[in-house]
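Subject: Structure for you to look at

Hello,

Here is the structure I said I would pass on. Please have a look at it first; my notes follow below.

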2 protein chains.
Amino acid sequence: MKPKKTSLSDIAKQVGVSTALVSYVMSGKEKEARVGMDVAQKIRDVAHELNYQPNLLAKSLRDGRTHTIGLIIADISNPFFANIAREVEDESRKNGYTVIIGSSDENADKAWDLMNVLVNRQVDGFIIVSAEGSEKLVLHLQTLNIPFVLLDRHFPQFETDFVVTDNARASYDACRHLLENGYRRIGFVAYKSGMFHISERIRGYREAMLDRGINPEADWLKEVQFEATEIEIRTAIDALVQGELPIDAVIFSTYGLAVNGLKYINELRLRVPDDLGIVSFGQAEVFDLYYCPISFMRQPIDVLGKHAVDLLMERLQNPGGARQHITIDARLVARESSRKKQEMQ
Amino acid sequence: MKPKKTSLSDIAKQVGVSTALVSYVMSGKEKEARVGMDVAQKIRDVAHELNYQPNLLAKSLRDGRTHTIGLIIADISNPFFANIAREVEDESRKNGYTVIIGSSDENADKAWDLMNVLVNRQVDGFIIVSAEGSEKLVLHLQTLNIPFVLLDRHFPQFETDFVVTDNARASYDACRHLLENGYRRIGFVAYKSGMFHISERIRGYREAMLDRGINPEADWLKEVQFEATEIEIRTAIDALVQGELPIDAVIFSTYGLAVNGLKYINELRLRVPDDLGIVSFGQAEVFDLYYCPISFMRQPIDVLGKHAVDLLMERLQNPGGARQHITIDARLVARESSRKKQEMQ
DNA sequence: TGGCTTTGCTTAAACGATTAAGCTAATTAT
DNA sequence: ATAATTAGCTTAATCGTTTAAGCAAAGCCA
């Protein structure tokens with residue numbers, strides 16, 4: 001039924017030599033291995049004729065490297081991660097590596113299972129956007145001595161390679177921008193999470209407010225559950241805009257929060273930015289096409305992805321080298337949603 | 001340096017038996033292989049103690065199945081494909097398969113290269129969103145006897161498994177909806193392509209117009225190059241809205257066209273739907289959050305993805321079975337962008 | 001002529017798992 | 001008591017590749 005693929009020994013048999021010779025020729029080692037010119041040519045001819053394609057499984061098994069990397073992200077259907085995946089894919093292919101992507105849904109258990117599957121498939125290394133609670137995963141990879149690079153999020157308590165944006169600074173810039181444009185009562189919506197990148201974003205917001213001499217009300221910070229974003233975000237926004245001190249601007253610390261938040265803001269018929277100024281993290285076509293284009297902190301996804309792959313490649317070459325920490329600045333893209341406030345007397 | 005992973009023979013050595021016994025126990029065949037209860041337990045204990053993880057490479061090499069499928073799509077950073085990828089990933093994992101995703105950028109050569117890499121990695125089968133001109137790829141997989149399912153697009157001239165939406169019908173429905181709501185001069189924007197799914201969409205549009213007794217002007221159909229979408233779409237829209245017979249509605253036959261089109265429509269300060277009614281293919285948050293929510297044809301991505309995987313699984317079981325053609329209907333999600341036209345006297 | 005190097009190839013082990021076949025000792029049947 | 005069965009293991013081939021080591025013949029030098 002299935003026309004067996006041609007292997008080294010098929011060629012060897014037809015040419016009348018050992019598989020060793022064929023292997024040498026096919027991997028361009030004919031010089032070192034002193035293969036006769038005529039035989040080499042014959043081998044190439046037959047290989048071509050039989051349409052030989054090497055079996056990468058066998059090769060990998062033999063030399064312990066699969067030239068495959070595992071990419072664990074939160075969710076491939078989120079544009080931020082999809083774009084990251086795309087960068088990682090392209091950059092990896094340039095380096096001769098294939099990527100296997102898995103979505104963890106921000107769930108540490110899922111991430112753990114994924115990692116195990118990929119480890120068993122013998123990936124050479126990982127690029128990981130950590131879910132909350134995946135310290136165990138990180139430690140496990142360390143004891144297995146499998147190279148990995150943390151992307152977008154990292155654990156300050158562990159000494160690992162990572163590539164992240166400067167979240168505190170990005171948040172600070174977002175907030176300062178709103179302040180400069182006349183907004184004063186600024187809310188901040190984040191996921192409820194113990195993860196470092198989240199708390200950094202909150203810290204940046206706080207500092208910007210304090211530096212401006214404003215004490216951010218505790219009520220202005222809303223933390224919503226990832227698993228129940230749609231519902232909780234409504235409650236959060238209701239509270240923010242209807243409280244004693246209704247906010248005049250809000251920062252969404254994540255793409256998913258912004259999308260859900262904007263939907264509800266539309267429902268409430270709040271006008272952006274007159275009723276509510278907005279700056280968001282993340283990026284996507286949504287922000288361009290909203291009736292009032294949304295200002296956002298642009299994370300240089302291409303740079304993040306490229307650095308992550310390059311760093312991993314370096315680590316694969318030199319597993320013992322010093323861990324590297326790469327921090328990249330996000331850049332504010334200011335648009336209508338945060339334009340200078342008209343003082344309304 | 002690297003603490004070698006534990007293999008069957010490590011366990012065998014420690015327990016003092018052959019690797020065969022260990023293999024039987026680890027793969028749950030201890031009954032058939034008549035392994036002694038006490039020895040079996042000992043093996044399990046040691047396996048656990050040494051944290052044994054099977055090497056899937058070796059297993060795959062041995063029995064010729066990798067439990068891996070290749071997914072070739074146009075671009076993972078396009079939400080339509082990202083969502084497909086997500087479905088395929090989840091459904092495959094349920095079946096014990098791992099997915100390797102590659103983006104072809106609608107380029108047949110890239111798709112060809114990708115396929116070759118994946119074939120060499122011995123994927124068991126493929127799910128493919130074909131790029132234009134990839135007939136060669138399809139034929140090649142057929143001669144290699146590697147199972148594959150075409151997704152979203154298919155080649156009517158080849159007898160293959162496929163899962164697609166009924167594009168002619170979707171287009172017909174989109175157009176009829178606009179007609180029913182009072183629009184008459186309806187434009188259609190598509191990619192310039194010889195691919196079947198595109199011409200089907202055009203056909204559906206034409207038929208809906210003709211059935212209504214309207215002869216669609218040739219100028220109302222605009223075909224833009226995939227590689228130069230941003231520029232060409234401006235020219236196309238300019239022509240559509242400024243011609244002798246300016247259109248009063250437009251159908252975007254693809255997500256990417258809609259996004260670029262809407263951007264330009266915004267720039268032109270055309271009001272949707274008063275100046276221009278809109279229905280689009282594709283789906284994404286963009287359509288929800290546009291100032292005037294965009295009507296679109298919802299393709300049931302979850303169903304598409306699930307069917308594609310299930311069909312491939314079936315084909316892997318039974319390579320010789322009759323090819324299956326699965327066609328799924330898109331459903332109109334009607335919103336503001338195509339609301340009933342106010343007759344303006 | 002005898003020893004040394006070079007050329008051109010083959011042999012065989014290794015990667016880690018699977019599994020048909022075979023072997024031995026104990027048990028059961030006759 | 002002897003033959004037949006069964007339980008409980010081992011052996012070894014296999015998947016396709018790589019590569020160190022070895023071997024024979026030819027070439028070179030004195």
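How much of chain A do buried residues make up? They come to 45% of its 345 residues, where a residue is buried if 20 or more other C-beta atoms, placed from the backbone, lie within 10 Å of its own.

Before the rest, some conventions. This is a predicted model, in which local features need pLDDT of at least 70 and side-chain atom pairs count only at pLDDT 80 or more, while totals for chains, interfaces and linings use all residues. Residues are numbered from 1 along each chain as its sequence is written, and chains are lettered from A and ligands numbered from 1 in the order in which they are written.

Chain A as a whole

Chain A has 13 helices and 12 strands; these are DSSP runs numbered from the N terminus, with at least four residues (H or I) for a helix and at least two (E) for a strand. The radius of gyration of chain A is 26 Å, whereas a compact globule of 345 residues would have one near 20 Å. That radius is taken over C-alpha atoms, and the globule rule is 2.2 Å times the number of residues to the power 0.38. Along the principal axes, the C-alpha atoms of chain A fill a box of roughly 95 × 40 × 35 Å.

The sheet in chain B

Six strands of chain B form an open sheet with parallel pairing, in the order S2-S1-S3-S4-S5-S11. Two strands pair if DSSP finds at least two bridges between them. Strand S2 (98-103) and strand S11 (325-328) are the edge strands, each pairing on one side only. Within the sheet, S4 (residues 148-151) and S5 (residues 161-165) of chain B are joined in the parallel sense by three bridges, and Leu150(B) is opposite Phe162(B) in S5(B).

Where the chains touch

Chain B gives 40 residues to the contact and chain A gives 39, two residues being in contact if their C-beta atoms, placed from the backbone, lie within 7 Å. On the side of chain B that touches chain A, H5(B) gives the most, with six residues.

The DNA

DNA strand C is surrounded by 26 residues, and the closest are Gly36(A), Ser7(B), Leu8(B), Ala20(B) and Ala58(B). A residue is near a strand if its C-beta atom, placed from the backbone, lies within 6 Å of it. Helices H2 (19-26) and H4 (56-63) of chain A, and H2 (19-26) and H4 (56-63) of chain B, each supply at least two residues of this surface.

Regards

Technical notes: A residue is buried if 20 or more other C-beta atoms lie within 10 Å of its own, exposed if 12 or fewer, and partly exposed in between; C-beta atoms are placed from the backbone.
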